[in-house]
Amino acid sequence: MVKQLFLVMSFSVGIAYAQTETDTIKVPQSDELRENQLIFDEAPVVSLDDNDVSQGISSQLTAGRDPFFSSATFNWGAARFRIRGYDNNSFVTYMNGVPMDGLDNGNSSFFLWSGLNDVLRNRESSLGLRPTTYTFGEVGGQFNIDTRASKQWKQLRVGYASTNRNYRNRLMATYNTGLTKSGWAFSLSGSRRWAKEGYVPGTFYDGWSYFASAEKIFNQKHSLALTTFGAPTKSGGSGGVVQELYDLAGTHYYNPYWGYQEGKKRNSRVNLSHQPTFILTHEYSPSNKLNILSAVSYTFGIRKQSGLDWYNVSDPRPEYYRNLPSYLLNEEYRNIWIDRIKENPEMIQVDWARMYDVNQNNIETIKDVDGISGNDVTGHRSRYIIEQRITKVQRANLNTIINATLNENLSFTGGLSYQYLKNRLYKEIGDLLGGEFYVNLNQFAERDFPGSNANQNDLNRPNQILKEGDKYGYDYEMIFNKASAWGQISGTWSHVDAFLSTELSFTNYYRNGLNRNGLFQDNSFGKSDKQKFFNFGVKGGATYKINGRNYIYANGSYSTKAPYFNDVFVSPRTRNSTVSNPENEKIASVESGYVLNTPRVKARLTGYFTKFDNQSRTMTFYHDDYRNFVNYSLTNIDKIHFGGELGVEAKIYKGFSMTLAAAMGRYFNTSRQNAEVTLDNSSEILQNELIYSKYFKEGGTPQTAATLGFNYRSPKYWFASVNLNYFDDMWLDYNPLRRTWAAVEELPNPSDTYDQVVQQERLKAQLTLDFFGGYSWKLDKTFKNMKKAHYIYLNVGVNNITNNKNLITGGYEQLRYDFENANVNKFPSRYFYAYGTNYFINITYKL
Amino acid sequence: MKNINSLFKTLLVTLVISTLFSSCIKDKFDTPQPKPDVDPNLAVNMTIEELKNLYKGKTDTITGDYIITGTVISDDQQGNVYQTLIIQDATGGVGFRVQRSDLFTDFPFGRKVYVKLKGLSIGAYNNLIQLGLGDDGQGSVNTIGAEFVEDFIVKGPRNQTVIPKEITIAELSEKYQNTLIKLKDVQFIESEAGVATYADAVKKLSKSTKLEDCSGKTIELRTSGYAKFAGNVVPQGKGEVVCIYQIFKTSNQLLLNKVEDVKLEDTARCGGIVVPVDTTAPTQPGAGAVLLFPGADFEDFDLFKNQLNSFGLIAYATQSPNGKSGSAFAIKGTPTENDYVFTVVPSANAKYPAGVTKLSFYVKGTSASSLSLNVYGASGGFTVYNVGNLSNNSLIKSSASNAYGGAIDTKNNWVLVTLDLTGVTLNDPTDKLFALKVGKNSDYDLLIDDIKVW
């Protein structure tokens, strides 16, 4: 278990590389519009690990109406723009009446329904602090998707897309009956997305998705719908590396995870996910003044991520700093090495053949297997293996939403919700790479406590011999319960709309250790203390309708939020320990804006100010000073996010129109964070360090983004648009370790070294150019004897036409830092680059 | 026309199905067949002895096109050998400084290698000749960078036989440096045996321990604090040690590959002191253990006495009510000779579980000398076990002859003494099965219970 911790946290995983497919669907507002408007397929956000999708709301949930929102997701997704700089857990997504966000990290799990674009068209999104009719919401925004069969347009669609992003081909088919006379409606959809190799070398993609919904509308009052869907997906991963490796490889799309095995590319970081969901939704509407939507859902499934693991041998990963030329002191030899790599690029990829060779020739005797004296096992002991980090998920939701019209002005919305989640996390041997067994030992504890049983991952089976498929390392469960109730009163008058809502919730969670490990014999097995949190929120606002075309609005909210499991449990893979005093986060937000809605011009201008107080976050990494794995539990994180959003859509002349969107925000820390430092191999609190984090900026998103677009829509059913995008104020995620007294006490200030250590890196501003176009062909015009209206739609999207390969979408300072020499280049920062020119061409036949 | 409709439909369906078929992504990887080792058969033109003669007192680079061959005799798996690869041929051994910490993966013990010497530097570290890359400024050489190792050191076939040279401490000399040797009949010195650790595992500091032979000659064994066995206590017995002989300035030094190379299994040290060789002694009899003979639990003392030979039971041995369970066998007195306390005759219908490898009994109390036991096996012969010093559970291996040296003090606890019966067959009919002996002129106050085999 601890090993997995080491590997996972040793910055090779940190942030998975998520790419957004940025073709948007503009949801049709009416049948008529559908006839005339061209629908481009929106490829879903493909994320390799839902935990790492920064927002991922992008494409699928775009609301056509809001010019800012569609630009934010459509044009800025490639730069991993986050709306208002918020994390994914500041948004909430509902489907058919149940919330789809994970209780463990608050993230919306878009990958649950990737590839099912056809059936997700009926949706509403509301950004910011606006009121909704289905949830209290979060500061960032809320999304609701209604996939029930009766809401799906009657049609048959078959489409094929060719692209060069995470996958290369997509086949999608959907059949909806629409609401039939018998009151039944059925909907079926499926898709297949695949690529032998995606845009990044060594990444393959193998995904299926399925969807089925059956609904019966009994009468005016009752309807019942059962919906099920899933997206089993397997893909080969990639990751951000240090600049030295990009330079050695000669490309920004170097992927350290793959290597040749007998001539075929094999990826060591394979992601697999399948979490089928079932939702039963009942809608009761006795009159047009009352509507009660109740739903129950169940999700179960598995997520797996593979990776290299090794025992007491040197790190075989090509991106390990000691395997790079920069580690060699002798310059002459370093240059020889660099030249060799340039001639022989396989040198910086995974060397599978060597690992097999070592395992197939390494005979060892393991003594006292399973703790039985004299039970010795001799055979080929693998020193290198592929491990699988597995999360098994079980989730159930019970939710009811009431909408009642109280009188001609007022209405009430409210609901009750209960959510349950159980995650089981463990490691498994994926592939023994030519050996016969692996042994369930913690090599780091072995080094630190030689001769004791601290090195046992499972004290009940010491020195356990492991075969493929055996569990090892860590094994624990996270169990969550959340109950909430909310209510909202909203009023509509001639010139004013106003609302006030409130929410109360109770959350508890705990860890249940399923094995007893040698390092924490008394604190690893069994249930931890239950962490309990009470949270509330208040939200309110008003819109003043100056006239039918001009509105101004202002909203505000204050809420508290329970800290997340991984930020409270210091090292959940090893023990039940938590931070000393887990506390709620407090969020206060205000926004105000102006909306213009004329036939020629649609515009929205908004300003917002949000204050996050008392956030907490745990980071684990290898610490050079302690020569051990260290947990930094950061608390007292206060942030401010404020800025403005502008979106304008204006018709210029005949079919020409122009869009302009801009987001200018400032997202930064306002407090000196506190770090409680614990070692993985011991439970004592090493120190309480003060992090001088004030005014450090949020990384991973451009804080300034703008797009200028020109669009032409022809009456002959084709359109084309070009967008110029600008990204700036992109900052690298900083290492809190470097902003401590310990890091700088011996450095002269001011000096270059001091600045190097302390200053946060700002990434260069970037420009990209996108093109979108499409054509719609009504077949019955050509084949006059076709009875129904058949269509063929062709959509073409080309992103980053200028092939700008220097757009850094994210990155982070490595948490490992050379304290002794204050050398930031010993463990340099890691970067992720956006794809160069990429396209999505889709052809759909619709009946 | 209907045709177009159905044509369209068929076209569509065919298209979909054929696309689906072409979408197979194979992600299964077969285990590659193990590649047989290849001998590159490079033309060797120098011996290791000749190589060492190239060293002229200061660090220098080798310019000649010399190629040597040798077998790897170092093994860094247990962390004692570090960033060093030592090879030997018929003429001697030499070490290479290599910047890798898992040489055993690619250059395991017993692998034949060829070394292309041109470009390597030769130096000496406190008189121990070393090869590397570049001058380290301190008389020796820098490590060969990991990336460049195989430019110089070429792999040959694995699993070559290496026979350590049997030699005595007195015979060791410079020409044996960096070769694999076997010292026989050596032991750790009295003050360290059973007490000192190989190195300082806590502070991760290197330490020397001393080995001596029966003629009194000593030699240092140097172990790194990072070795996996650094914290192990050095064993008490006498026996053989396989190691790499090195020199440090003007003195001899030994380097261990792994702790299993120290086989000090003879419980009789030079000078006659007997020590138990304790290797994870069992704390209780194994599952399915049975009494060695009727009455071996001493509940029915008459039954027990009926199993003995004509000499019966010695006078100072009685039954005690304070057994581990029920009653026990008590020895209280001061023998004047190395007495047989009792000898058990095998029963005609004795049945033991198949594959019996251990004999155990509980002991509690104190005594100034120890116990010695005879287990009678095939054709009248017997195997001797000397308990020696006893304070904790002990696993005793057989000895050459009876010896009573050692003291017993179980600190008022019951401890389990287990005899390793590997190689002894109990069921052979002889006139004796088992005998217990004590040493003369020593006070005994012991309780013994539950003699079992398993």
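## Buried or exposed?

A residue is called buried if 20 or more other C-beta atoms, placed from the backbone, lie within 10 Å of its own, exposed if 12 or fewer do, and partly exposed in between. In chain B of this predicted model, 42% of the 454 residues count as buried.

Here is how to read the model. Residues are numbered from 1 along each chain as its sequence is written, while chains are lettered from A and ligands numbered from 1 in the order in which they are written. Because this is a prediction, local features need pLDDT of at least 70 and side-chain atom pairs count only at pLDDT 80 or more, while totals for chains, interfaces and linings use all residues.

## The overall form of chain B

The C-alpha atoms of chain B fill a box of roughly 100 × 95 × 45 Å along the principal axes. The radius of gyration of chain B is 32 Å, whereas a compact globule of 454 residues would have one near 22 Å (taken over C-alpha atoms; the globule rule is 2.2 Å times the number of residues to the power 0.38).

## Domains of chain B

An automatic or database domain assignment divides chain B into domain 1 (48-155), domain 2 (165-266) and domain 3 (290-453). The centres of domain 1 and domain 2 of chain B, taken over C-alpha atoms, are 23 Å apart.

How many residues of domain 1 of chain B are in contact with domain 2 of chain B? There are 19, and they meet 21 residues of domain 2 of chain B (contact means C-beta atoms, placed from the backbone, within 7 Å).

## Where chain B touches chain A

This contact takes 31 residues from chain B and 35 residues from chain A.

Note on methods
Contact = placed C-beta atoms within 7 Å.
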